[in-house]
Amino acid sequence: MSWRTYAVIGCTHGRLLNEPAFAAALKRIEDLKPNMRIHLGDGLNAGAFYSKKPEPEDMELDVRSFESVIERFRPHFYLNGNHCDRYWRGVYSADSVKAYAAKQIVEEVSRILKRNRVSHHREYRIDKPGVRLGNVWFMHGFMYGAQALQQHAATFGNTVFAHLHTASLFSAKTFDRATAMTVGWMGDPGHEGVNYAKSSPQLLGWRNAFGWGAYDTEGVKQPEMNLVIL
Ligand SMILES: [Zn+2]
């Protein structure tokens, strides 16, 4: 049996980044000296590609904010989230201006990750949910709403994910004693780009946070999971 330590952040959301919280997380993670660092996705906000209601957003700023987070956090893995996936799907848009813009961004993001030697999990799909290390799935996350933590544990087993913007641990009543942890987000809740959620009680549950712990590389022992709320 051998243990490896990990640290994860997620949902940095491009220009919405809460710089003081991110700097505090980096400092704490530096002290932890984890073997494995994973960015759980939504490093890009892709507001301009929001299908329900496109937001006026500087796409160049979105990419440069992403680049800064990658260069400073130096993850081993980056996983596309549902926001990132807007660009990846945008490549196939029937609107050729949008398709062109999306293609430029996808190529630039790929260059940034390659230059920083980051393994990139491009697909945001539930049957290829993320990266499995030992007996833990590290993923962006798929289900949303009040039951989301339970659903991730029941569907995938041990899961470390982002997506919900809340910071919580949940022990499922499953035979394999699955545990799910959602590690908050790293955005600024007061940012104008969050206006879509400003009147929702959900916003009050969002936390700047990161996760860390250890997993058994042979997948025998249950993983350690810790949350740090900033
Ligand atoms: Zn998010």
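How far apart are the axes of helix 3 and helix 4, and at what angle do the two helices pack? Some notes on that and on the two sheets follow.

1. Ground rules. This is a predicted model: local features need pLDDT of at least 70, side-chain atom pairs count only at pLDDT 80 or more, and totals for chains, interfaces and linings use all residues. Numbering starts from 1 along each chain, as its sequence is written. Helices (H or I, at least four residues) and strands (E, at least two) are DSSP runs, numbered from the N terminus.

2. The helix pair. Helix 3 (residues 82-90) packs on helix 4 (residues 96-115) at about 120°, and the axes are 7 Å apart. Axes here are lines fitted to C-alpha atoms, for helices over the stretch in contact, and angles run from 0 to 180 degrees between N-to-C directions. The two helices are therefore oblique to each other; angles under 35 degrees count as roughly parallel, over 145 as roughly antiparallel, 65 to 115 as roughly perpendicular and the rest as oblique.

3. Who touches whom. From helix 3, Tyr87, Trp88 and Gly90 meet Lys98, Ala99, Ala102, Ile105 and Val106 of helix 4. Contact means that the C-beta atoms, placed from the backbone, lie within 7 Å. By class, this contact has six nonpolar, one polar and one charged residues. Ala, Val, Leu, Ile, Met, Phe, Trp, Tyr, Cys and Pro count as nonpolar, Asp, Glu, Lys and Arg as charged, and the others, Gly among them, as polar.

4. Burial in helix 3. The cut-offs: buried is 20 or more other C-beta atoms within 10 Å of a residue's own, exposed is 12 or fewer, and partly exposed is in between, with C-beta atoms placed from the backbone. The buried set is His83, Cys84, Asp85, Arg86, Tyr87, Trp88 and Gly90, and the buried residues of helix 3 pack against helix 4.

5. Lysine 98. This residue lies in helix 4 and is partly exposed, with 17 other C-beta atoms within 10 Å. Not counting residues up to four places away in sequence, lysine 98 touches Gly90 and Ser93. Lysine 98 and phenylalanine 49 are 49 residues apart in sequence, yet 8.3 Å apart in space, C-alpha to C-alpha.

6. An open sheet runs in the order 4-3-2-1-10-11 with mixed pairing; strands pair if DSSP finds at least two bridges between them. Strand 4 (119-121) and strand 11 (224-229) are the edges, each pairing on one side only. The twist averages 20° from one strand to the next.

7. Strand 10. Strand 10 (residues 209-216) runs antiparallel to strand 11, joined by six bridges, with phenylalanine 210 partnering valine 228. Six bridges also join strand 10 to strand 1 (residues 3-9), again antiparallel, and alanine 7 partners tryptophan 212. Six of the eight residues of strand 10 are buried, so it is largely enclosed by the rest of the structure.

8. Strand 8 pairs with strand 9 (residues 179-183) in the antiparallel sense over five bridges, and phenylalanine 170 stands opposite alanine 180.

How values were computed:
Contact = placed C-beta atoms within 7 Å.
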